Amino acid sequence: MNRAARIRSMDCCTRHMKKLNGTVIVTYRCNARCTMCNRYKAPSKPEEEISIETIKKLPPMYFTNITGGEPFIRTDLKEIVRELDKKSDRIVISTNGFFTDRILDLCREFPDIGIRISIEGLEQTNNEIRGLPDGYRRGYETLRKLKEMGLKDIGFGMTVQDRNAADLTALYELSDKLGMEFATASLHNSFYFVEAKNIIHDRPMVARHFEDLVNELLDSNSPKKWFRAYFNHGLINYIYGQKRLLPCDMSYDTFFIDPYGDVMPCNGTKEKWVMGNLNRQDWDELWSSPEAEEVRRRVRRCDRQCWMIGSVSPAMHKYIWGPAWWVFRHKFLRFYKKKKYSMYEIPAVRDYRDGKVTKEQLDACSTCDLNAAADNGLSAASAAQLKDRTGEEIVAEDLAGQMTGDTRKR
Ligand code: SF4
């Protein structure tokens with residue numbers, strides 16, 4: 001049965017069930033050393049990581065993101081994708097692009113899959129931020145080879161911060177020249193990133209680079225890019241600590257599942273909010289449980305104001321009129337009045353420029369807490385590994401085992 005027929009037949013069996021947007025965190029192991037994410041210091045234990053049996057219990061999804069840690073550290077990733085492919089209309093894997101051969105091998109079997117490689121700027125900036133030896137060249141080479149193979153859904157992902165904001169438009173232009181997607185994010189603090197101290201220091205400088213990007217995107221002929229412009233406008237609003245431009249409906253039709261089978265609304269919370277555990281429960285029981293309902297109530301009261309594509313993309317589809325009106329207004333102003341987008345349309349950006357709010361006041365609106373110890377969301381067994389060794393040592397040993405063919409570890 002081909003893919004379309006399989007999805008049609010799955011649709012038929014699950015007519016009563018609305019398809020969801022899911023993110024599967026297959027591992028917390030990571031070989032990068034990013035400055036804005038400490039996950040590499042807190043890896044999951046391979047033996048505990050989400051199994052194929054648990055993956056089989058996931059519901060039908062219209063979009064599935066596979067992420068980590070670094071997902072390609074798992075040597076059984078292909079089997080995981082094989083299962084997810086049966087229940088997902090579209091799959092995108094977020095990766096640092098380091099394991100080129102594994103990525104190419106997987107894409108040979110799944111040429112419709114999406115691959116997003118994190119690149120944090122031009123060569124020097126990227127390698128400083130991600131701490132991966134030769135990371136830029138390897139990531140870029142992986143993308144180039146995927147392009148040669150004819151893969152359509154490929155692109156860069158960049159987490160914009162003070163150190164790399166100056167490279168933002170250059171990287172966008174590079175991706176555009178190569179005919180690739182370009183996804184942006186900014187700094188967040190959460191258990192997922194094992195971080196509580198991420199913050200943008202020079203907001204006007206970073207916002208100015210986002211403003212340039214918004215203008216380039218609005219200049220294009222692609223409606224998809226116009227909506228990306230709106231997303232980046234939302235990022236300026238976010239780095240100024242303002243209320244999200246759209247409601248957050250995570251846990252209603254969107255979920256995350258972590259390597260331990262814990263189902264959560266998102267990856268933006270300070271500590272994990274658990275709706276249930278898919279290793280122990282079946283999906284319907286978990287999704288309609290009192291614990292899941294309680295998490296939904298918490299989401300309604302959540303004040304973290306994240307602006308990450310995982311929570312914003314479903315909201316942009318659901319509340320399409322807000323973004324559509326913004327796009328229409330800006331295209332109209334450009335075309336008829338030759339007026340470019342300005343970051344000063346956001347009141348907080350104007351207020352800061354005019355001295356009506358201070359940097360300290362804006363800092364206080366962020367989730368950065370210099371006194372907080374970041375939660376890492378690890379299980380007791382994964383945390384116990386860290387008694388005698390660092391996360392970096394554990395993952396390095398694990399990877400060395402994989403290279404020498406020790407298959408006891410996934
Ligand atoms: S705003 Fe939404 S995505 Fe962010 S932590 Fe709260 S519930 Fe999660």
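Colleague: Which residue in strand 4 is the bridge partner of V92?

Modeller: In strand 4, V92 has G114 as its bridge partner. Helices (H or I, at least four residues) and strands (E, at least two) are DSSP runs, numbered from the N terminus. Two strands pair if DSSP finds at least two bridges between them. Here strand 3 (residues 91-95) and strand 4 pair in the parallel sense, over four bridges.

Colleague: What should I know about the model and its numbering?

Modeller: Residues are numbered from 1 along each chain, as its sequence is written. The model is predicted: local features need pLDDT of at least 70 and side-chain atom pairs count only at pLDDT 80 or more, while totals for chains, interfaces and linings use all residues.

Colleague: What is the order of the strands in the open sheet?

Modeller: The order is 6-5-4-3-2-1-7-8-9, nine strands with mixed pairing. Strand 6 (181-186) and strand 9 (276-277) are the edge strands, each pairing on one side only. Strand 9 pairs with strand 8 (residues 262-264) in the antiparallel sense, over two bridges.

Colleague: How many bridges join strand 1 to strand 2?

Modeller: Six bridges join them, and the two strands run parallel. G22 has T64 in strand 2 as its bridge partner. Strand 1 also pairs with strand 7 in the parallel sense, over four bridges. There, N21 stands opposite T254.

Colleague: Why is strand 1 largely enclosed by the rest of the structure?

Modeller: First the term: a residue is buried if 20 or more other C-beta atoms lie within 10 Å of its own, exposed if 12 or fewer, and partly exposed in between, with C-beta atoms placed from the backbone. Strand 1 (residues 20-25) has six of its six residues buried, so it is largely enclosed. Strand 4 (residues 114-118) has five of five buried, so it too is largely enclosed by the rest of the structure.

Colleague: Which residues of strand 4 point one way and which the other?

Modeller: The general idea is that in a regular strand the side chains alternate between the two faces of the sheet. In strand 4, G114, R116 and S118 point one way, I115 and I117 the other way, and all are buried. In strand 1, L20, G22 and V24 point one way and N21, T23 and I25 the other, and all are buried as well.

Colleague: How many residues does the largest nonpolar core have?

Modeller: In soluble globular proteins, nonpolar side chains tend to be buried together. A nonpolar core is a set of buried Ala, Val, Leu, Ile, Met, Phe, Trp, Tyr and Cys residues joined through C-beta atoms within 7 Å. The largest one here has 102 residues, and I115, I236, I239 and I257 have the most contacts inside it. Helix 9 (residues 223-239) gives the largest share of this core, eight residues.

Colleague: Which residues does I115 touch?

Modeller: Two residues are in contact if their C-beta atoms, placed from the backbone, lie within 7 Å. Not counting residues up to four places away in sequence, I115 touches I93, T95, I103, C107, L146, L151 and I154.

Colleague: Is S251 buried or exposed?

Modeller: S251 counts as buried because it has 24 C-beta neighbours inside 10 Å. Its phi is near 85°, a positive value in a residue other than glycine. S251 lies in the loop between helix 9 and strand 7 (254-257).

Colleague: Is K338 buried or exposed?

Modeller: K338 has 7 C-beta neighbours inside 10 Å, so it counts as exposed. K338 also has a positive phi, near 55°, in a residue other than glycine. Its place is the loop between helix 13 (321-337) and helix 14 (347-353).

Colleague: Which residues does a cis peptide bond join?

Modeller: The cis bond joins G68 and G69, with omega about 20°. G69 lies in the loop between strand 2 (61-67) and helix 3 (77-87).

Colleague: Which residues are around the ligand?

Modeller: A residue is near a molecule if its C-beta atom, placed from the backbone, lies within 6 Å of it. The residues around the ligand are C248, M250, P265, C266, G268, T269, V299, C302, R304, Q305, C306 and S311.

Colleague: How many helices and strands does the protein chain have?

Modeller: The protein chain comes to 17 helices and nine strands. Of its 410 residues, 45% count as buried.
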